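Reader: I have a structure to go through and some questions about it. Can we take them one at a time?

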Amino acid sequence: MTKKIPLVVIVGGGFGGLAAAKALRRAPVNVLLIDRSNHHVFQPLLYQVATSVLAPGQIASPLRGLLADQENTSVMLGNVTGIDSATRHIIVDAGDREGLRVAYDYLVLATGASHSYFGHNEFAHFAPGLKSLADAESLRNHILTAFEEAETEENPERRKALMTFVMVGAGPTGVEMASAIAVMVRTTLRKNFRRIDPKSADIILVDMAKRPLGTFAESLSEAARLRLLELGVDVRLEKAVQMIDAEGAVVGDERIPSKTVIWTAGVAPSPAGKWLGCDVDRAGRVRIRQDLTVQNHPEIFVIGDTASLDQDGRPLPGVAQVAMQQGRYVGKSVFRQMTGKSPLPPFRYFDKGNLAVVGKNFAVLQSGRVRMSGFLAWLVWALIHMQFLAESSLRFSVFFQWIWTYLSAQRGDRLIIEQRENT
Ligand SMILES: Cc1cc2nc3c(=O)[nH]c(=O)nc-3n(C[C@H](O)[C@H](O)[C@H](O)COP(=O)(O)OP(=O)(O)OC[C@H]3O[C@@H](n4cnc5c(N)ncnc54)[C@H](O)[C@@H]3O)c2cc1C
């Protein structure tokens, strides 16, 4: 009788899931990667799609293409809605087939996170976030449309609201978005309009915290804040957003009329904890053990943004490096179990450092004791981001696009592509 080959089902083809799949390349297992979208997205560059520097296809790759040469691996387009851990099945909606049951021997959950509006879900309609390619494209449409409408608007108050952009949350995404819009209005859009002056746009970055980029050292936060001011961004700290509606935001006790409010604040984990009915942390992330498995389920791993693990008394951050290192660890762990080798030592995250870009020619970098801000940090940022794109064709494409944008100040993808209903 032939021995059954174990099936490893990976849910999520983001940073964690893809790293796990690749690490199982030579393992004596079959791998099934399930994702609700057909592509892997390089989320750190989503803001460049939203601000027209790059096209969506320059930061994303089809999962089938990425895994085409990996013979033990297949890909399924489907939305996972639940898990039956007692019988080892996951429940998937695939096309018009709902509630499909897919059996697994090992399960890797790498379903990431979405936006958290901190209990104010009513804000979501007026303040979209940036998490997927669809979000980035829709924001690009929205920002460019605001300038188009401002050009023809006669009412000065309405024109001002169209040219006011509010970012809620001064973490890396908020800082990157605000500075990118500031650069865009001063360079690319500068000469494009006849009735409005894009340079007069108000770009406002709001946060309840005392400083932007709160996960960086104070000196780097201050360097970023000064750079934002130089770029003309109005940085409002220690201010809570009370309300967001179709006319703008109420920040502290001031109403800011704006037709573009962008949510760059919190993230909420995927519902993996609910599917498993297991122990979760305050944010809802699945508490995992040092070997990245779930309590009482040595066959279920949870990794990346949807998992919660402490190291040296502090929770690991929701960053791509954590997800990728955990994905590789899971691949190796399953490989060793399959080949009868001793288990791996507990997972340990190796922090290579943090980077955030603040407009053209300026980034902040923190790695161990190294703290750097300015042009050199920006070069390091550019090299590292290019290196981590999923395919070499994307690296070439992004490299040449960046050179072109740097030299000409022109952005590659300044198109408004609205979904229109058929008439
Ligand atoms: C705008 C932005 C900028 C960022 N910048 C940085 C940065 O500069 N540096 C850094 O280190 N980190 C950055 N991050 C964080 C980083 O992208 C995440 O930490 C990382 O993506 C987490 O990897 P993951 O594998 O856990 O989840 P993800 O990469 O988000 O992947 C999750 C995958 O699961 C799929 N999925 C989710 N639910 C289901 C379901 N029910 N069924 C099927 N598939 C599902 C999704 O489609 C997705 O492909 C940024 C994040 C964002 C949003």
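Reader: What kind of model is it, and how are residues numbered?

Author: This is a predicted model, in which local features need pLDDT of at least 70 and side-chain atom pairs count only at pLDDT 80 or more, while totals for chains, interfaces and linings use all residues. Residues are numbered from 1 along each chain as its sequence is written, and side-chain values use heavy atoms, with hydrogens and water left out.

Reader: How much space lies in the second largest pocket?

Author: About 550 Å³. A pocket is an open set of points on a 1 Å grid over the protein atoms alone, with protein on both sides within 12 Å along at least five of seven lines; a cavity is a set of points where a 1.4 Å probe fits but cannot get out; lining residues have an atom within 4 Å of a point. A volume is the space filled by probe spheres set on the points, and grid points are joined across faces, edges and corners.

Reader: Which residues lie nearest its centre?

Author: Gln-48, Lys-360, Trp-378, Trp-402 and Tyr-406, out of 26 lining residues. Helices H2 (46–50), H6 (172–186), H10 (375–387) and H11 (392–408) each supply at least two residues of that lining. Helices (H or I, at least four residues) and strands (E, at least two) are DSSP runs, numbered from the N terminus.

Reader: Changing topic. How many cavities of 30 Å³ or more does a search of the whole structure find?

Author: The search finds 1. About 50 Å³ of space lies in the largest cavity. Its lining includes Arg-285, Asp-305, Leu-316 and Gln-326. Strand E22 (307–308) and helix H9 (320–338) each supply at least two of the lining residues.

Reader: Now helix H7. What should its residues span?

Author: The 13 residues of H7 (residues 218–230) should span 18 Å at 1.5 Å a residue, and the end C-alpha atoms are 18 Å apart, which agrees. The expected span is 1.5 Å times one less than the number of residues.

Reader: And which residues of H7 are buried?

Author: Leu-220, Ser-221, Ala-223, Ala-224, Arg-227 and Leu-228. Seen down the axis of H7, they fall within an arc of 160 degrees, so they line one face of the helix. The arc is that of the directions from the helix axis to the C-beta atoms. Buried means under 20% relative accessible area, exposed over 50% and partly exposed in between (1.4 Å probe, protein chains only).

Reader: What does the face turned away from the buried side carry?

Author: The exposed residues Glu-218 and Glu-230.

Reader: Is Glu-153 buried or exposed?

Author: Glu-153 is buried, at a relative accessible area of 16%. It sits in the loop between helix H4 (133–152) and helix H5 (156–162).
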